[in-house]
Amino acid sequence: MKQAVVKINNYKWWLMLAFVTAFQLLSAMPVVFEDKQASAALVPIFAGLIAVEWAYFIVNRLITKRQDFELEMIAFLLCGTSIVIAASVNTGYALKQLIAVLLGLAAHIVLLIILRNVDTAMFLRVPVAFASIGLLVLNLLLAKVTNGTLNWIEVAGFSIQPSEIVKIAFIFVGAVTLEKLQSTQSLTKYLVFSVTCIGALFLMRDFGTALIFFFTFVVIAFMRSGDIRTLFFVSTGALLGAGLVMYFKPYVVTRFATYRHIWESINEGGFQQTRVLIYTASGGLFGLGIGKGKLRDIYAASTDLVFGVICEEWGLLLGLAVLTLYGFLAVYAIHASRRASSTYYSIAAVSAAGLLLFQAALNVYGITDLLPLTGVTLPFVSRGGTSMICSWALLAFIKSADLYRQNNNIKPSVPRAQPQNTGRLPSTGNNSNSTGRRQSG
Amino acid sequence: MKHTTKRALALYVLVVAFFAGAVILTVTLYVNGGNWASNRVNRHLYSGGQLVSAGSIYARDGEVLAKSDGAKREYAKNKALRAATLHTVGDTAGFIATGMHSVYKQELSGYSFINGVYLLKEYGRGSDIYLTIDPKASIAAYQALGNNKGTVGVYNYKTGEILCMVSTPTYDIANKPKDIAENLEKYEGVYMNRFISGLYTPGSVMKVMTAAAAIENIPDIYTRPFECTGKLQTASGVVTCPSVHGKLDFEKAMNKSCNSVFAQVAIELGKEKIQAQADAMGLNAAFKVGRAMTAKGTFSLATANDLDLGWASIGQYTTLTNPCRMITIMGAIANGGVGLSPFAVDRIVSPTKTVTQRGTTTVSTVLTINAVTAQKLKELLRSNVKNSYGDSRFPGLQMCGKTGTAQVQDGKEPHAWFVGFSQRADLPLAVVVVVENGGSGAGNAIPIANKVLQALV
């Protein structure tokens, strides 16, 4: 067991990166050679992606002296897939997607620098919280109706999804240090912030993102309090709220009416899901070949339905491999959180990984009718700038736990000898319980 | 700190749920993928509602029964063969549920779980299906049935191969009649393969079952004297016999299909023994023919009195039987008690020329006749042809068999039945003929059986 761990830690990062590059070249080839005109534009795009990858890892290696880049490798693998699919639809999409990756990488690095000092992060929490709410309110005021939801803002020709940006803030604000945890045992302020965000998303009719926020809130609340009872009350409250929404806004229910009944309305409510299943089955285990699918002709193929395109054209096995990558991100985050030098990193890493995994599940299992279809994107893979940038920023939370870890030279800021009770209930509660038991006995 | 890190482990719950989702997705794809991929909106397979380049279907001798020319589906060249094989081959629109086009839709369209529709895209066609169906016998059966409704089935009781399953009314799929929806009388049940899905009152062919019960339970059955007065008085009413057969023994009673004797024997044996025999012969069971399921017969004496029991033992009362079931019973008797399940698909060959499926038979588990009883039944059935129907009606076939003239509702002619098999070692074939409202079995079913079998000699 120990040997296996050592082996994994001693892997050659450049070998792994060479593998990522090879995979990207292989998958890009059919698209590049498909059409001579497009290839002139596509070659620099793929060359650019690969150059950025190598540059990032080499510089990173020189500066941080680290070589555990698993997280970035996963992200780049997924981004490569995203760009290939975008390129196979439209050359312009590929360029936009590459730019999104670069912006995402920049956001990732900036966030890591900010997070380097936990005190800075703690100090910024309140302004970030207010800025987020401001952004959502602005969105509500300015946004125009797009695709039945109100979650886009047009800025200088680019459409931006504020809810994606607020996802980052949601974790940034939610994570806290141990000192803070011990000084305030209440979640109230964060609860108010969360309810405001989720409420705004409901008003935008972006139920998928609202669900993601709620799930992330549950993760953060659990990480902070460790109290199942709080979670129980929160969940009951959420259910009650959802019930009220359904009662007063019946259209919410009709939106999910086709769930598990998609074959009865294959040209209406079940249109996208049935096509995903039909073409996923058509692809078999090994796929029909990149660009040879039919799902790509369906609306939102390279955004919401991108997993179906992967299964049809690259094969179910590759689709499952993509899912495994998300699973690996989460497992990595759990391990990293245990080594982190501050509770802030631990909470941020676990909740960011939870968010990414939950969103991937909502997307993949939503379009395949295992879960209701909510129209959320697949992190790192769906075409779309804000989604890509947000995915990279969220990855920074996981990376921070890994990068700013406890080590033998630097003692953690909080000595281990300090009291460990971070539960919400005062210890007297426990005592009275035990007295009660004694009396009855 | 420690608490927080321990709490992180809770995320494993989500990881496990996430992968459980992946497993469920894969399993549902494995189970339903064929159905999903062959949906009419799949643009890999369908163009304008028509299957693009599906695989071909061939008869036993390699004759084409269906093939694709681009998006156009073509059928057998011979018009009579098209009509005769309509229910076996089926239609691309899916009206004929037990047809190859419906049952083997995935294979014809080139789908497999592993390759998806890749082979279709790569080779431009799906898998080919080679049937065990003999075109000559099918045409003979179709022509012999003429304008009658009914069915003819022939299968090899040593291998399970179905050589002929023709069902009428039928139509020429290349020129589908426009009046099917209006002309309900003429096209009654036209989409049903009566051999597999039909249920008929069996009449006297049921005496084979009653005879089996008698052979197994009455030691002196062959030596016992019987007398037929043209009717049998029971405690609850009268079972009539078409003739007054007078004094006769059991074999003669079988030859002459005497109702009085068989009703008497059944009442003597009692409900339990007759029911047990019927169940052992699978008269209340359905079974698989390839991937299609036969109709499930009924032979139930639960609320029967003596009169009902008497009538049931000669194939009346509430009894309903499936023709395919009867042919497997004949096959089992011919084959020393071992009933082999019939199949019509010899092999399925993928575009890469590999055989992906081979038709196989299994020993039927819902049909058991012991070897001694089977031998005695065989002798009785041989005696029927030799002493009653006449070998001249089956030239050179060494036939064994039993006719049936099943009374149906008042004012209608009875159904004409013949079930039997050839004893020739080089011709191990069992046959079933049902002519709906066709009159007497001996008069109208036997000639059809003979014509079809002669086509196979």
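At roughly what angle do the axes of helix H9 (residues 188–203) of chain A and helix H10 (residues 207–225) of chain A cross? They cross at roughly 165 degrees and come within 8 Å. Axes here are lines fitted to C-alpha atoms, for helices over the stretch in contact, with angles running from 0 to 180 degrees between N-to-C directions. H9(A) is therefore roughly antiparallel to H10(A), a term for angles over 145 degrees.

This is a predicted model, in which local features need pLDDT of at least 70, side-chain atom pairs count only at pLDDT 80 or more, and totals for chains, interfaces and linings use all residues. Residues are numbered from 1 along each chain as its sequence is written, while chains are lettered from A and ligands numbered from 1 in the order in which they are written. Helices are DSSP runs (H or I, at least four residues), numbered from the N terminus.

**Helix packing in chain A**

H9(A) also packs against helix H7 (residues 162–174) of chain A, at about 170 degrees with the axes 11 Å apart. H7(A) and H9(A) are therefore roughly antiparallel too.

| Helix pair | Angle | Axes |
|---|---|---|
| H9(A) and H10(A) | roughly 165 degrees | within 8 Å |
| H7(A) and H9(A) | about 170 degrees | 11 Å apart |

Residues are in contact if their C-beta atoms, placed from the backbone, lie within 7 Å. From H9(A), A:Ser194, A:Cys197, A:Ile198, A:Leu201 and A:Phe202 make the contact with H10(A), whose residues there include A:Phe213, A:Phe214 and A:Phe217. This contact has eight nonpolar, two polar and no charged residues. Nonpolar covers Ala, Val, Leu, Ile, Met, Phe, Trp, Tyr, Cys and Pro; charged covers Asp, Glu, Lys and Arg; the others, Gly among them, are polar. Towards H7(A), H9(A) presents A:Tyr190, A:Phe193, A:Cys197 and A:Leu201. The contact of H7(A) with H9(A) divides into seven nonpolar, two polar and no charged residues.

**Core**

The largest nonpolar core has 268 residues, of which A:Ala333, A:Ala349, A:Ile398 and B:Val452 touch the most other members. Such a core is a set of buried Ala, Val, Leu, Ile, Met, Phe, Trp, Tyr and Cys residues joined through C-beta atoms within 7 Å; buried means 20 or more other C-beta atoms within 10 Å of a residue's own. Helix H16 (residues 343–367) of chain A supplies the largest share of this core, 18 residues.

**Contact between chains**

Chain B gives 37 residues to the contact and chain A gives 41. H2(B) provides the largest share of the chain B side, 15 residues.

Definitions and conventions
Two residues are in contact if their C-beta atoms, placed from the backbone, lie within 7 Å. Helices (H or I, at least four residues) and strands (E, at least two) are DSSP runs, numbered from the N terminus. A residue is buried if 20 or more other C-beta atoms lie within 10 Å of its own, exposed if 12 or fewer, and partly exposed in between; C-beta atoms are placed from the backbone. Angles under 35 degrees count as roughly parallel, over 145 as roughly antiparallel, 65 to 115 as roughly perpendicular and the rest as oblique.
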